[in-house]
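Please read them with the sequence and the coordinates open.

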Amino acid sequence: MNILADILSATLLFAVPLLLVALGGMFSERSGIINIALEGIMVIGALISTLLLRAFDLSGFGPANPQLAVLIAVLAAGLSGMLYSLLLAFASINLKADQTIGGTALNMLAPAFAVVLTWAIQGQGNTTILIPGWVRITAENAGLAGAEGFFARLVFKSLYLTTPIALVLMAVSSFIMYKTRLGLRLRSCGEHPQAADSVGINVYRMRYIGVLISGFLGGVGGLAFTLAAGSGFQSQVAGYGFLALAVMIFGNWKPLNIFGAALFFAFFKIIGSYSGSIPFLPDFKEIRSSEYIYLMLPYIVTMIVLILTSKKSRAPKAEGIPYDKGAR
Amino acid sequence: MSEYIIEMLNITKSFPGIKANDDITLRLRKGEIHALLGENGAGKSTLMSVLFGLYQPDSGTILKDGAPVKISSPNDANALHIGMVHQHFKLVEVFTVLDNIILGAEKTRWGVLRKDEARRRVVELSERYGLKVDPDARIEDISVGMQQRVEILKMLYRDNEILIFDEPTAVLTPQEIDELMEVMRGFAREGKSILFITHKLAEIMKVADRCTVLRKGRLIGTVDIADTSREKLSRMMVGRDISFNVEKKESAPGEKVLEVEGLTVPSRLHKKNAVKNVSFTVRRGEIVCLAGIEGNGQTEFVQALTGLEKAGSGSIRLKGREMTDMPIRERSRLGMSHIPEDRHKFGLVLDFTLEENLVLQRYWEEQFQHCGHILRRPVREYAQRLIEQYDVRSGQGAQTIVRSMSGGNQQKAIIAREMDKEADLLVAVQPTRGLDVGAIEYIHRQIVAQRDAGKAVLLVSLELDEVMDVSDRILVMYEGEIVGEFDPRKVSVQELGLYMAGAKRDDKKEAV
């Protein structure tokens with residue numbers, strides 16, 4: 001049972017960054033901008049927030065008010081991601097640049113910038129920004145000391161403030177998308193910007209909003225990933241930005257489906273890492289480096305699922321096309 | 001209070017290479033239906049876009065109730081209670097009817113949509129004006145006629161008093177057109193003022209009070225419908241007399257060119273066959289018309305004939321050669337020309353230049369390429385010849401991007417390309433859809449000229465006038481089958497209508 005609790009706990013932990021970043025991608029694409037820069041946005045968000053956590057740790061503010069410090073770091077991650085995404089918004093909305101190329105450029109810039117800043121602050125060669133231990137929420141500091149059993153293990157095995165925040169943000173995203181004026185207008189800009197324009201909606205503004213929201217969520221997702229990965233920030237997020245795009249497509253650009261897709265994907269990733277300790281899985285002993293077989297699992301499963309669902313998948317119609325008011 | 005609710009005075013608007021509106025004045029009275037008539041490219045849509053705030057005029061003023069106003073966005077237009085139904089509907093396909101209606105004019109509390117209230121109002125408006133819609137249906141699932149009603153409701157929902165209709169009847173069936181006319185009259189009785197862009201004279205005579213005519217960006221004049229006639233209006237519009245009847249000699253059918261036998265085509269939309277066991281032939285020197293109401297298998301039939309879609313069973317022979325499974329290029333080289341139904345989707349590459357579009361089916365020929373390199377000069381010269389011969393007008397000649405051309409000239413480009421091929425069979429599908437009388441007359445004459453040159457012509461049309469005027473033989477298609485064959489001189493429109501609606505059918509199906 002402990003294994004099961006551990007697996008579920010880890011699944012949720014790794015689903016959180018995917019969920020956040022995929023939701024970010026959804027906002028951007030629903031407004032009509034393909035945000036392939038999510039990977040870079042995650043790196044920037046993680047960089048700024050881990051640096052902040054490090055500073056809180058050194059100053060003593062962190063150990064004294066751990067969760068307040070994390071909350072501030074989350075906001076910093078979001079805001080820095082937002083700031084970084086402004087570059088994409090400016091290039092693709094004002095300059096009408098190719099969104100894929102602009103995004104790729106940002107993806108290449110971010111890790112390089114992160115390495116420079118990390119070394120500048122920590123000294124040359126210190127490539128990892130370590131995460132302070134007080135960041136984690138344990139049963140003890142949650143006031144539930146001595147909580148035992150399946151659920152306690154599930155919840156507290158590896159809990160960070162980002163997890164509840166992500167769940168709240170998902171609910172908020174879903175609400176904004178489907179129940180508010182902003183959501184309706186945003187979606188119309190990704191589907192048929194000319195129609196939106198003809199009823200007086202400022203398409204450029206809506207697209208800026210979409211990209212900025214995605215920058216915020218992407219930045220927070222970067223922090224969430226770094227916390228989940230556990231070994232500190234090393235100027236990269238292991239391709240999670242791209243995985244999140246797959247999750248977003250798999251989730252059909254809808255918040256709840258994205259949550260399901262994120263859990264699904266994270267589950268197979270965790271199965272991969274825990275394969276050795278799950279008794280009933282075949283172990284392929286006769287193959288060299290057989291541990292990699294299970295590590296491939298999430299990617300293979302995703303490909304199969306995408307193939308199976310691709311017929312039903314429906315991207316926003318106008319995504320990727322710069323909006324030009326004058327065009328007929 | 002001014003006599004006029006809207007006055008557009010001395011409006012001028014230029015685009016690169018073209019003066020779309022040149023010193024145009026239009027005055028709209030309260031409660032009237034005012035038609036705006038002109039050929040394609042005459043500047044009607046531009047003028048209305050200026051009024052709706054989509055374009056800024058280079059010079060000129062707009063008065064509302066006698067006071068000057070500035071309309072720099074659709075928001076401004078909306079605030080002045082000006083609404084517009086665009087020719088290409090501005091509807092978000094995956095949204096519901098209700099969402100489309102409220103978009104941009106949402107009622108909210110703290111940014112949260114209040115749809116219940118909006119729904120009540122939409123239902124109330126739809127009942128009051130007899131505009132039947134289902135608020136929860138998605139746009140992509142409803143008919144074009146209902147989509148138009150959604151567009152009209154959008155205007156009513158915003159309390160618009162000045163309603164602009166940009167070519168509203170182009171996409172409607174005859175019954176829907178009658179309904180729309182009735183709705184428009186109802187609006188006018190209520191004191192709403194209507195601007196009605198069209199190039200269909202019959203509709204103007206039927207519904208409008210006054211009519212303003214534009215030609216090539218200039219104002220020709222404004223007339224009272226009561227004092228004018230179809231002929232006068234068409235002369236104003238085109239600048240010369242137009243014959244409404246197609247003049248042609250007796251046909252002299254020769255050998256068989258196209259033979260279709262037992263052709264069946266599966267449908268993409270449902271499990272049944274869209275075309276069922278269709279057989280007929282087309283001979284040299286005759287125009288055979290495939291008539292029918294939209295959606296009775298004509299589209300699928302043409303797609304199988306031209307190779308866009310695979311045939312289920314049966315055979316198609318061109319000049320005696322089996323071509324049922326031939327690739328499209330082979331069919332074209334064997335001797336088939338095709339003027340497609342959807343010129344944007346199948347006829348042209350919209351973002352290519354005119355010259356590139358004109359050689360689309362022959363760029364691989366020796367004269368246009370050398371070792372895989374396109375030879376620019378021969379292409380240019382060839383394009384220039386076609387442009388002159390077929391009078392294709394555009395802003396920058398052979399190098400114009402086709403998307404920026406008017407619909408009529410786009411169609412002329414296709415016709416130039418297809419007719420210059422000198423193919424033995426011409427398949428023309430809805431060749432005059434959405435075009436003005438001048439262009440229609442031109443295209444009809446070209447089709448008849450092809451026939452007289454000994455080509456076989458298969459014309460697929462939904463327009464009964466066209467069917468009666470142009471064809472030598474009429475085949476009526478209903479639910480994928482040919483239900484009757486007629487001589488246009490011996491059958492009435494009413495009779496044809498009965499066959500097209502499926503109320504009558506001939507049992508001997510083998511039309512020869």
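1. In which helix of chain B does B:Glu300 lie? B:Glu300 is part of helix H9 of chain B, which covers residues 298-306. As with everything below, this is read from a predicted model.

2. Leaving aside residues up to four places away in sequence, B:Glu300 touches B:Val265, B:Ala274 and B:Val275. From B:Glu300 to B:Lys310 the C-alpha to C-alpha distance is 9.5 Å, with 10 residues of separation in sequence.

3. Salt bridges come next. Side chains of opposite charge can pair when their charged atoms come close. Over all chains, 44 salt bridges are found in the whole structure. One of them joins B:Arg284 to B:Glu255, with 3.3 Å between the closest N and O atoms. B:Arg284 sits in the loop between strand S14 (273-283) and strand S15 (287-291) of chain B, while B:Glu255 sits in the loop between helix H8 (230-238) and strand S13 (256-266) of chain B, so this pair ties together parts that are 29 residues apart in sequence.

4. In chain A, helix H7 (residues 162-179) packs against helix H8 (residues 181-191) at an angle of about 70°, and their axes are 5 Å apart. The two helices, H7(A) and H8(A), are therefore roughly perpendicular to each other. On the H7(A) side the contact is made by A:Ile176, A:Met177, A:Tyr178 and A:Lys179; on the H8(A) side it is made by A:Arg181, A:Leu182, A:Gly183, A:Leu184, A:Leu186 and A:Arg187. By class, the residues of this contact of H7(A) with H8(A) are 6 nonpolar, 1 polar and 3 charged.

5. For the interface of chain A and chain B, the buried area is about 2100 Å², and carbon and sulfur atoms give 57% of that area. Chain A puts 21 residues into the contact and chain B puts in 27 residues.

6. How many salt bridges cross the interface of chain A and chain B? The rule finds 3 salt bridges there. B:Glu106 forms a salt bridge with A:Arg185, and their closest N and O atoms are 2.7 Å apart. Between chain A and chain B, 7 residue pairs are in polar contact, counting pairs with both residues at pLDDT 80 or more.

7. On the side of chain A that touches chain B, the elements giving two or more residues are H7, H8 and helix H9 (193-198) of chain A. H8(A) supplies the largest share of that side, 6 residues. The residues of this side of chain A divide into 9 charged, 6 polar and 6 nonpolar.

Conventions: Residues numbered from 1 in each chain as written. Chains lettered and ligands numbered in written order. Heavy atoms only, no water. Axes fitted to C-alpha atoms, helices over the stretch in contact; angles between N-to-C directions. Helix = DSSP H or I, 4+ residues; strand = E, 2+ residues; numbered from the N terminus. Parallel < 35°, antiparallel > 145°, perpendicular 65-115°, else oblique. Contact = heavy atoms within 4.5 Å. Nonpolar A, V, L, I, M, F, W, Y, C, P; charged D, E, K, R; others polar. Buried area = accessible area lost by both parts, 1.4 Å probe. Salt bridge = Lys/Arg side-chain N within 4 Å of Asp/Glu carboxyl O. Polar contact = N/O pair within 3.5 Å; in protein donor to acceptor, adjacent residues only side chain to side chain.
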